[in-house]
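Subject: Structure for you to look at

Hello,

Here is the structure I said I would pass on. Please open it first, then read the notes below it.

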Amino acid sequence: MNPLLAQFLAEAADLLSQVDEGLLELERDPSDPELVNEVFRAAHTFKGSSGLFDFPELTRLTHAAEDLLDAVRSGKLSLDSGMTDDLLAAFDLIRGWLAHVTTHERLPATAGPAGQSLIVKLRGPLGGEQATVNPDVAAALAGPVIDRAPDWLALFDPEWLEKTATWLSSTSATMRFVRFTPDQGCFFRAEDPLHLVSQVPALAKLDLIQPFEWPPAEEYDEYACLIGFALATRAARGELDYLFRYVPDQIEIVELNGDAIHRYVAGEEPPQPRADEAVVAAVAQSHTENLELARDAHAILAAAQRSLALEGSVSGVRLSAVARSVAAAAAALGVPVDTADPDVETLKAQVANLLTEVRPTPADAPPTPPPPPPAERAPVDRGRADDPGGQVGTRILKVDQEKVDHLMELVGELNVAKNGLTFLADAAEEEFGSRVLSRRIKDQYSGLHRIAEELQAAVMDVRMLPLSVAFSRFPRLIRDLSRRLGKTVELVTEGEDTMADKDVIEALGDPLVHLVRNSLDHGIETSADREVAGKPPAARITLTAVADGDAVIVEIADDGRGIDPAKVKHKAYEKGLISEEELETLTDSDAVDLVFRPGFSTADQVSDLSGRGVGMDAVRASVEKLGGAVTMRSQLGRGTSTRLRLPLSMAVTQVMVVSVAGQRFGIPVDLVVETVRVPSAELGRVLHQDVVVLRGEVVPVIDLARALDMPWTPDPAADRAILIVSMHGQRVGLLVEQFHREVDVILKPMEGLLAYADEFSGTALLGDGLVLLVLNMKEVLSLAARAQ
Amino acid sequence: MTDKRPKVLVVDDAATVRLYHRTLLDNAGFEVAEAANGLEAVEAALSTAFDLFVIDVNMPKMDGYACVETLRSETVGTPAPVLMISTEDRPGDADRAYAAGANLYLVKPVDAERLARVARMLTAGIAA
Amino acid sequence: MPLELSETTATLSDVVTVDEVEPLVAWLRITSKPKVNLRRCNHLHTGALQALLLFQPRITSSPTDAFLATQVLPLLRGSSGGPVLPESEPP
């Protein structure tokens, strides 16, 4: 993909989310002019950038949206939810198109019709005013406006012009005359001007615009377009505009009737001094072969003329700026003039001369006193001319995620390589008996270690994103869903500036959506029900993020009907999830926790929103897979809040290394409560389950080797090493062979054959080059349960 | 010809448009700096003497017209040529640009060759 | 084949695209008295038209395509290779 398109897609993503966000806020507070302006601006920027690419449908659609927003901005229209819907739909459509562009580098084939129907909708609210506002329509009502004959009419055969004028006069008809001057590079853009011309409907006459001087055959560049066309047609203005819609800047269309042509042919009316032809003459004088250059020079001169005519007080810096541009244009035309130390009148005369004189010769140039060189600059400029240019404002670099991921991988490898040095230091001492070398290696190591740590922190920092990225989709989601459900819901977000690793943010997406949908679907009552319950009719969903040490806590709270613990217990009992005894003894908060049990669904009626029973258990599983935890609190009639606790960063995981049957495994440190060593005699057995009593609490002990199906018989005389972990508030002991240290590792997902081994959550490389398998404790425990 | 590349400041709030203008002005032999709005442009112009400005009209914070006016005012006081480039082609827009002190008003998207040509033309006059 | 080149005659047929422009120009450069047959040509790329204008080969048979025959062929026949704009004609 070319970098410009890549830049556009990146910018478009930002603009789209700005527009979405702004529109939703705007719907709530349509009177905020700053908000309207923001959305308008985003749409406008979008349109401007899209025009750089061959995406006419995209430009047209954004243009229609921009026009509607402009009308809102200027107070001509007030935004209603119908318009908001159309605008959102338009930007949704665009989002889809851009996804297509991302993979195919062009718009989908359906873009035209799909865009058109939305354009019609967007233009709808403006339609009432269009007759008075749109000059085209006004013109159509008043009959066509007859232009003045341009002097390029001379391209046509005078006899033919006479005949045509007579015919037009006798029929009171008009004709459109088009001048089409393609630019030199148009062949490279796969344009074929003659092909466009051949499609002009009702073509009456075609003529050529040839270069003043053809280049010699040996210098001829067959890929530079040197010719243009002049044509006359009875086709309507609109048809022509449409046909030439991609090349509007290369097209000039005039509407002429018989009289206008007669006057031109008879020479009664001096033709409008048209830029380009006057310039063509200048080109001839100066032997400049480049018609384009001359055209641009003319445009600059015309602009200068306009500036000078605008008001009487062009002076100071502005006058010298105009003078400089005139000098530059004149120089380009090969007829240099002196414009330094200018006064307005002299300059006006110079410009007029340059513009209108068909054949200016050096002798014709107005006499001016020899002034200082035109390049004289204001002293302010000169004093600072050597200052470095370049940096303006904050430079933000947009980087592909993959590159950052790759960087992170390299940091991981650097850490591994670095750790290798400690092994080398040991070897230097033990195998080669050199303590000095060993110490020097260790010195090297500590230097490297510091750099590697800083590098890792820096890369981690790059990966940090604000939670607002995860929250951004909810205003829209809640708006759409609450409408469908006929509920009124207000969303409050707090702490969206809290930062977390991008992987965490990404992984948060689905669980959050699930929880918010659940709230909307089950938690929140209809306005009527709420009023009966004495609550405000509009419900509220609050999304909060706070950083908590090396974790981030995200809470989704609603003020809905809450969870009825009795109902939940009963349901769980009906479904066979709890025993009759538990039905009696479970506390309310434990009862609420039942919703996380697999297969539990509280909704009596399954709606299409929150799914079909794959519910909270899936949320808990996915959060736990990230090394996080989910808890839920609910008050009947007051609402429910669900709290997700996630590590700030998933890139680096702290694991405790233990070994079993000679092999090392990692266990996430978050889960580890303590390590204990107990004499083997203290291990008890209750109901076929090994247990250990710790401070009065009976903790079940699982033989990790057995759970993992590894042969190992502990030395009966030795103390037992037991790692106590905590899962869902339950303590479990793991019988292991040996404890090792804690290490920071970069966890990689399981690949290949092991990808299906659920008991491992990933692999990590250790400094000595060994691969460490990190245990997924939840799976290990259920394996152990099955093994018994 | 001077051996130093002329300095141009590209002012546009759309990063894509900035990249587009940067790329083609860089190819045309300019040293390119960027600013994302009129205010940044004015700040930049206060510390660096630019030989050319390419300025968008519709921008947040300070729009193109106000930006050009400030460039031409006592505050900055640069007579360097200003190209204004807008997405709009409404009657009166060009006049506003000229009244503010721009030297040429062009409508987006500007053909690459044309921009390069005009930019070179306007700065060649200065360097001469 | 939209472009068939023999020693003295180029036969253009169907749709002549930008791809044919380069070989056509190369042939026109080296051929001393080139002739061009446009009978079965349905469209001429602007670049091809421009080449015919520059090198002025003899058009041996008119195209059957209406647009080419009525609008484009007169341009080729009428062109004398010199500038068309009246103001810029040498005195």
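This is a predicted model: local features need pLDDT of at least 70, side-chain atom pairs count only at pLDDT 80 or more; totals for chains, interfaces and linings use all residues.

Helix H1 covers residues 3–28 of chain A and helix H2 covers residues 33–50 of chain A; their axes come within 9 Å and cross at roughly 155°. An angle over 145 degrees counts as roughly antiparallel, so H1(A) is roughly antiparallel to H2(A). On the H1(A) side, the residues that make the contact include Phe8(A), Leu15(A), Val19(A), Gly22(A) and Leu26(A). On the H2(A) side, they include Leu35(A), Val39(A), Ala42(A), Ala43(A) and Phe46(A). Sorted by class, this contact has 12 nonpolar, four polar and three charged residues.

Helix H20 (residues 502–523) of chain A packs with helix H25 (residues 616–625) of chain A at an angle of about 155°, and their axes are 9 Å apart. That angle makes H20(A) roughly antiparallel to H25(A). The crossing of H20(A) with H25(A) is left-handed. H20(A) contributes Asp510(A), Pro511(A), His514(A) and Leu515(A) to the contact, while H25(A) contributes Val619(A), Ser622(A) and Val623(A). By class, that contact has four nonpolar, two polar and one charged residues.

Next, the sheet in chain A. Six strands of chain A form an open sheet in the order S14-S18-S19-S17-S16-S15, and the pairing is mixed. Which strands stand at the edges? They are strand S14 (672–678) and strand S15 (684–686) of chain A; each has a single partner strand, so one side of each is left without a neighbour in the sheet. On average, neighbouring strands of this sheet are turned by 40° against each other, direction ignored. Within the sheet, strand S17 (residues 697–703) of chain A and strand S19 (residues 730–736) of chain A run parallel and are joined by three bridges. For a place to look, find Val701(A), which stands opposite Gly733(A) in S19(A).

Now chain B. Chain B has five helices and five strands, and from the N terminus on its elements run β-α-β-α-β-α-β-α-β-α. Of the 128 residues in chain B, 65% are buried. If you take the contacts in chain B between residues at least 6 apart in sequence, 63% of them join residues at least 24 apart.

Chain B also touches chain A. How many residues does the contact take from each chain? There are 48 from chain B and 51 from chain A. The elements of chain B that give two or more residues to this side are helix H1 (15–27), strand S2 (31–35), helix H2 (38–47), helix H4 (93–100), strand S5 (104–107) and helix H5 (112–127). H5(B) gives the largest share, 10 residues. By class, the side of chain B that touches chain A has 25 nonpolar, 11 polar and 12 charged residues.

Last, chain C. Its secondary structure comes to three helices and six strands, in the order β-β-β-α-β-β-α-β-α from the N terminus on. Buried residues make up 35% of the 91 residues in chain C. Among contacts in chain C between residues at least 6 apart in sequence, 54% join residues at least 24 apart.

Regards

Terms used. Residues are numbered from 1 along each chain as its sequence is written. Chains are lettered from A and ligands numbered from 1 in the order in which they are written. Axes are lines fitted to C-alpha atoms, for helices over the stretch in contact, and angles run from 0 to 180 degrees between N-to-C directions. Helices (H or I, at least four residues) and strands (E, at least two) are DSSP runs, numbered from the N terminus. Angles under 35 degrees count as roughly parallel, over 145 as roughly antiparallel, 65 to 115 as roughly perpendicular and the rest as oblique. Two residues are in contact if their C-beta atoms, placed from the backbone, lie within 7 Å. Ala, Val, Leu, Ile, Met, Phe, Trp, Tyr, Cys and Pro count as nonpolar, Asp, Glu, Lys and Arg as charged, and the others, Gly among them, as polar. Two strands pair if DSSP finds at least two bridges between them. A residue is buried if 20 or more other C-beta atoms lie within 10 Å of its own, exposed if 12 or fewer, and partly exposed in between; C-beta atoms are placed from the backbone. A crossing is left-handed if the near helix is turned anticlockwise from the far one by less than a right angle, and right-handed if clockwise.
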